[in-house]
Amino acid sequence: MPTGPFPSYKGSVHILVVEDEQKMAKALQEGLEADDYSVRLAHTGEEGFYLIQAQSFDLVILDVMLPGHDGFEILATLRRRNVQTPVLLLTSRDAIEDRVRGLDTGADDYLVKPFAFPELLARTRVLLRRGKPDVSQRLKLADLEMDVPQRSVVRGPHQIDLTAREFDLLEYLFANKGRVVSREMLARDIWKETARQTPIDNVIDAQIVRLRRKLDGQFDRKLLHTVRGVGFVLREEDES
Amino acid sequence: MRLHVRHLRTRLTLWYVAMLAALLILAWGSTCALLFFQLRNQLDRFAIEEIETVEGLFFFTPEGHLEMREDYHNHPQSKDVIDRFVEVRSPEGAVLFRNQRLGARSLGGVPFASEGVGGYSERSAHLSDGTRVRLVSRLHSLDGRRLLIRLAHSEEPLYSGMEDWLAASLLVLPLVLAAAGLAGYALARRALSPIERMARRAQEITPEKLHARLPDDGADDELGQLARVFNDTLARLEQAFDQLRRFTSDASHELRTPLAMIRSVGEVGLQKDGGRAEYRDIVGSMLEEVNRLTSLIDNLLTISRADSGYIQLHRTVVPVMALAREAAGLLEVLMEEKSLRLVLEGDGQAQVAVDRLFLRQALVNILHNAVKYSPPGETISVRVRNGDAGQVIVEIQDNGPGIPLEDQARVFDRFYRVDKARWRESGGAGLGLSIAKWAVEAHGGSIRLESPPNHGCTFRLALG
């Protein structure tokens with residue numbers, strides 16, 4: 001954790017994490033730094049507020065449950081002072097009222113604890129490149145090629161027939177190439193399931209199994225990998 | 001509580017006494033007034049009669065003085081009994097005669113314009129010494145001269161009688177009211193004593209002693225009904241508390257299972273001197289349990305919100321068949337993996353006003369249950385039809401092993417699983433059907449299970 005007033009940053013994107021739980025804060029910092037962000041930690045709302053005033057950040061990740069002034073108060077004060085830095089709220093309550101309150105107060109997004117880390121990274125990316133989505137027409141990984149407008153998938157010389165859902169799934173994995181996507185992300189973005197208690201995980205697992213069969217079944221080089229306990233990733237080499 | 005009852009008793013008594021006092025005063029006042037006016041009327045009649053008598057007794061002496069003959073009494077002392085005041089004036093107001101009893105006092109003063117003309121004028125007046133009198137006047141002719149004869153009786157005895165009575169009443173009324181108050185208080189106390197007993201008993205009922213009930217003598221009066229209503233409420237509360245206790249203890253057990261696994265896998269993993277791949281596997285395995293915990297807690301939160309009535313339904317008109325198709329579509333890949341066949345049949349037009357998300361969840365949960373327990377290659381059928389009274393009936397039937405009769409009543413219980421050993425591979429915590437049941441019942445619908453031996457399970461939902 002940088003302690004001096006002028007910490008040295010690795011990356012050019014600066015993220016402030018306001019989180020009072022030490023373990024959580026450390027995990028967030030390490031996870032974000034592993035994704036090449038510069039992270040500054042604040043352990044109280046006051047400290048976070050001071051830091052935002054003192055220097056500019058590209059994103060603030062703000063825990064709601066903080067000692068003293070809570071996340072809602074900090075956020076409200078920031079917005080009143082016309083600080084427009086994107087804010088991602090972390091909350092352990094997912095009552096709809098809390099979400100609405102968060103968004104009303106001026107949060108750009110919220111994430112309910114416990115969340116999957118890939119989800120946090122995905123939301124972070126979305127918030128940082130807001131307004132400029134990169135839509136690729138032709139996607140490529142090793143000998144796998146995907147032509148989105150033509151809705152065709154080719155691996156080496158072989159044409160691969162995918163159902164609509166499998167196609168969407170693969171496109172999503174391509175968009176997150178090299179990064180792990182969690183089941184929650186797939187449930188929300190591909191299956192459009194908002195309720196977390198549907199038995200959707202079984203469905204996702206089965207769908208992945210089928211996609212993998214078509215994609216990797218007859219090839220030695222596997223591209224679609226399962227990261228146990230976290231999710232799935234599309235990449236050339238299996239890291240484990 | 002008891003203080004309040006006492007207050008009520010006092011309030012009742014006070015009301016009672018106040019109303020009695022008001023009624024007594026009203027009755028007493030009107031009686032007084034009636035009596036007073038009757039007596040005064042009587043005085044007037046006496047006066048008129050006496051004017052008639054007195055008229056004939058006047059004569060002018062040769063000197064021209066007006067005199068009144070008073071020698072008609074058989075007994076001279078009778079004269080003293082007559083307490084009338086007599087005054088005669090000329091129409092112009094000159095005093096012509098005053099009787100002995102009146103003496104020098106003026107009776108009625110200067111005549112007014114029409115006094116005594118064409119009949120009798122009655123009025124109340126004061127003598128010059130302040131005596132209140134009832135005065136009757138009459139214009140009379142004697143020897144060609146016009147005389148205004150005034151005759152009055154004192155009203156003083158009338159007033160003093162009234163005053164005596166008022167004094168007596170003021171003395172008696174508080175006594176009557178006090179007696180009535182005491183009687184009323186005793187009555188109120190008697191009437192309210194069962195409530196006080198109930199209150200004492202109710203005070204002893206705590207969450208730990210919810211089995212206690214109020215005394216109910218079976219009487220069909222208000223208090224008996226109160227006791228029964230209260231006891232019914234207690235019974236429902238007791239049931240709810242029992243359910244909650246069971247739920248809490250079940251939930252703790254369910255949470256403990258994944259926790260135990262996380263702990264064991266972590267501890268054993270630390271003892272090993274494994275490589276990177278092995279550690280990844282250990283952490284991954286722990287994360288799997290974390291995911292299980294997370295989804296369990298999400299489900300518990302849903303249930304707790306449902307229990308607290310916190311969830312609001314947003315009803316829209318939903319075509320049931322389309323919703324069932326959508327729910328089945330979500331699970332399609334699972335069915336294909338097991339080569340299950342899905343048959344959707346029935347009324348495609350049937351629709352019902354429900355919260356779409358919750359009904360969908362119910363259908364998904366029941367279908368998922370059917371998929372889990374169907375042997376490969378079997379058929380799952382969904383039938384939609386219109387039932388009685390505008391209801392829509394949905395039947396979801398599988399050809400799985402069915403549910404033994406002794407377990408059928410409990411399939412909708414939370415955490416209940418027919419096959420306890422199998423739940424981890426099929427990934428359920430035994431909450432799906434209980435959530436489905438809640439969702440259907442929250443809409444005022446009902447859900448039933450039929451599972452005749454060797455015929456799989458049929459869940460029948462009646463909606464709307």
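## Strands, helices and a chain contact in a predicted model

Strand β12 (residues 392-398) of chain B is mostly covered, with 6 of its 7 residues buried. A residue counts as buried if 20 or more other C-beta atoms lie within 10 Å of its own, as exposed if 12 or fewer do, and as partly exposed in between, with C-beta atoms placed from the backbone. Helices (H or I, at least four residues) and strands (E, at least two) are DSSP runs, numbered from the N terminus.

This is a predicted model, in which local features need pLDDT of at least 70 and side-chain atom pairs count only at pLDDT 80 or more, while totals for chains, interfaces and linings use all residues. Residues are numbered from 1 along each chain as its sequence is written, and chains are lettered from A and ligands numbered from 1 in the order in which they are written.

**Strands of chain B**

Two strands pair if DSSP finds at least two bridges between them.

In chain A, 5 strands form an open sheet with parallel pairing, in the order β2-β1-β3-β4-β5. Its edge strands are β2 (38-42) and β5 (109-112), each of which pairs on one side only. From one strand to the next, the twist averages 20°. Axes are lines fitted to C-alpha atoms, for helices over the stretch in contact, and angles run from 0 to 180 degrees between N-to-C directions. Strand β1 (residues 14-18) of chain A pairs with β2(A) in the parallel sense over 5 bridges, and A:L16 stands opposite A:R40 in β2(A).

Helix α1 (residues 22-34) of chain A lies across β1, β2 and β3 (59-63) of chain A and runs at about 170° to β2(A). Helix α3 (residues 71-80) of chain A lies across β3 and β4 (87-91) of chain A, at about 145° to β3(A).

In helix α2 (residues 45-54) of chain A, the residues A:G45, A:G48, A:F49 and A:I52 are buried. They cover an arc of only 100° around the axis, which puts them on the same side of α2(A); the arc is that of the directions from the helix axis to the C-beta atoms. What covers these buried residues includes β1, β2, β3 and α3 of chain A. The face of α2(A) turned away from its buried side carries the exposed residues A:Y50 and A:A54.

The axes of helix α6 (residues 164-175) and helix α8 (residues 200-216) of chain A come within 10 Å and cross at roughly 85°. The two helices are therefore roughly perpendicular to each other, a term for angles of 65 to 115 degrees, whereas those under 35 count as roughly parallel, those over 145 as roughly antiparallel and the rest as oblique. A:R165, A:E166, A:L169 and A:L170 of α6(A) make this contact with A:Q207, A:R210 and A:L211 of α8(A). Residues are in contact if their C-beta atoms, placed from the backbone, lie within 7 Å.

The contact between the chains takes 18 residues from chain A and 27 residues from chain B. On the side of chain A that touches chain B, α8(A) gives the most, with 6 residues.

Methods
Contact = placed C-beta atoms within 7 Å.
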